[in-house]
Amino acid sequence: MARTIAKDHDDKRARILKSAARVFAQEGFDRASMSQLARECGISKANIYHYYDSKDAILFDILDSYLLQLRDQICGLDLEALEPADRLRRVVREILLAYQGVDDEHRVQTSGMSALSEEQQKLLRGYQRDLVEFVSDIIASISPATFEDDAAKLRATTMSVFGMLNWFYMWNAGADSDARSDYAALVSDLTLSGVDGL
């Protein structure tokens, strides 16, 4: 007879992932152990193995859950009624708000992905690529003549936007929604002003 799944299975799994992200972010993936993860989660090591058969499986699930949700949240925004500049403002703000509360996952993304298999990395990079292309298309639509024949300039501009956003947590940890919205407006203003001058 098949074993039934506990009613709180998804909640426990989510707690394991959150706790593991904290350990991986603080200790580094290579140095973290399943025993540490169990202590951080407040459960037994055997209980962790009930949900995940390896540290690698936990790492992949952290990044898969985080990046897939981020991509779907941002790329699923309804922007049809907005002008290109306002689309950029909305998307930049939503990205920064989506980063709130997931600093550990964000750190793990930048430092731990290389520990995964090539196939897993390819899947995760696909989520990242979808998000980058989504933002890139918005930037291109702001000034089509600027970027029409210069893919390198468009990529550099797009990655500059992500650069301004992705390291926000390093020097403004714990920023609330208002601070994030203010900084998102600054990033948008800088980007729009810069595009006008290109």
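I take contact to mean heavy atoms within 4.5 Å, and I take helices (H or I, at least four residues) and strands (E, at least two) as DSSP runs, numbered from the N terminus. I note that this is a predicted model, in which local features need pLDDT of at least 70 and side-chain atom pairs count only at pLDDT 80 or more, while totals for chains, interfaces and linings use all residues. Residues are numbered from 1 along each chain as its sequence is written, and side-chain values use heavy atoms, with hydrogens and water left out.

**Entry 1: the whole chain**

I looked up the secondary structure and found eleven helices and zero strands. The C-alpha trace spans about 60 × 35 × 30 Å along its principal axes. Of the 198 residues, 41% count as buried; buried means under 20% relative accessible area, exposed over 50%, and partly exposed in between (1.4 Å probe, protein chains only). For contacts between residues at least 6 apart in sequence, I recorded that 68% join residues at least 24 apart.

The accessible surface comes to about 11,000 Å², and 49% of it belongs to carbon and sulfur atoms; the areas come from the Shrake-Rupley method with a 1.4 Å probe, and for residues only the protein chains shown count as cover. The 23 positive and 32 negative charges have mean positions 8 Å apart. Here Lys and Arg count as positive and Asp and Glu as negative, whereas His and the chain ends are not counted. Each charge is placed at NZ of Lys, CZ of Arg, CG of Asp or CD of Glu.

**Entry 2: helix α5**

I checked the length of α5 (residues 84-98): its 15 residues should span 21 Å at 1.5 Å a residue, and the end C-alpha atoms are 21 Å apart, which agrees. The expected span is 1.5 Å times one less than the number of residues. I listed the buried residues of α5 as Leu88, Val91, Val92, Glu94, Ile95, Leu96 and Ala98. Their cover includes α4 (55-75), α7 (118-142), α9 (151-166), α10 (168-171) and α11 (177-197).

**Entry 3: helix α7**

I repeated the check on α7, where 25 residues should span 36 Å at 1.5 Å a residue; the end C-alpha atoms are 35 Å apart, which agrees. Its buried residues include Tyr127, Phe134, Ile138 and Ile139, and also Gln121 and Ser136. The buried residues of α7 pack against α4, α5, α8 (144-147) and α9.

**Entry 4: the nonpolar core**

Of its 57 residues, Phe24, Ile58, Val91 and Leu165 touch the most other members. Helix α4 gives the most to this core, with nine residues.

Beyond its neighbours within four places in sequence, Leu165 is in contact with Val92, Ile95, Leu96, Tyr99, Tyr183 and Val187.

I located Tyr99 in the loop between α5 and α6 (103-112). Tyr99 is buried, with a relative accessible area of 7%. Leaving aside neighbours within four places in sequence, its contacts are Tyr66, Leu70, His106, Phe162, Leu165, Asn166 and Arg180.

I placed Leu186 in helix α11, and Leu186 is partly exposed, with a relative accessible area of 44%. The C-alpha atoms of Leu186 and Ile95 are separated by 14 Å, at 91 residues apart along the chain.

Key:
Core = buried A, V, L, I, M, F, W, Y, C linked by side-chain atoms within 4.5 Å.
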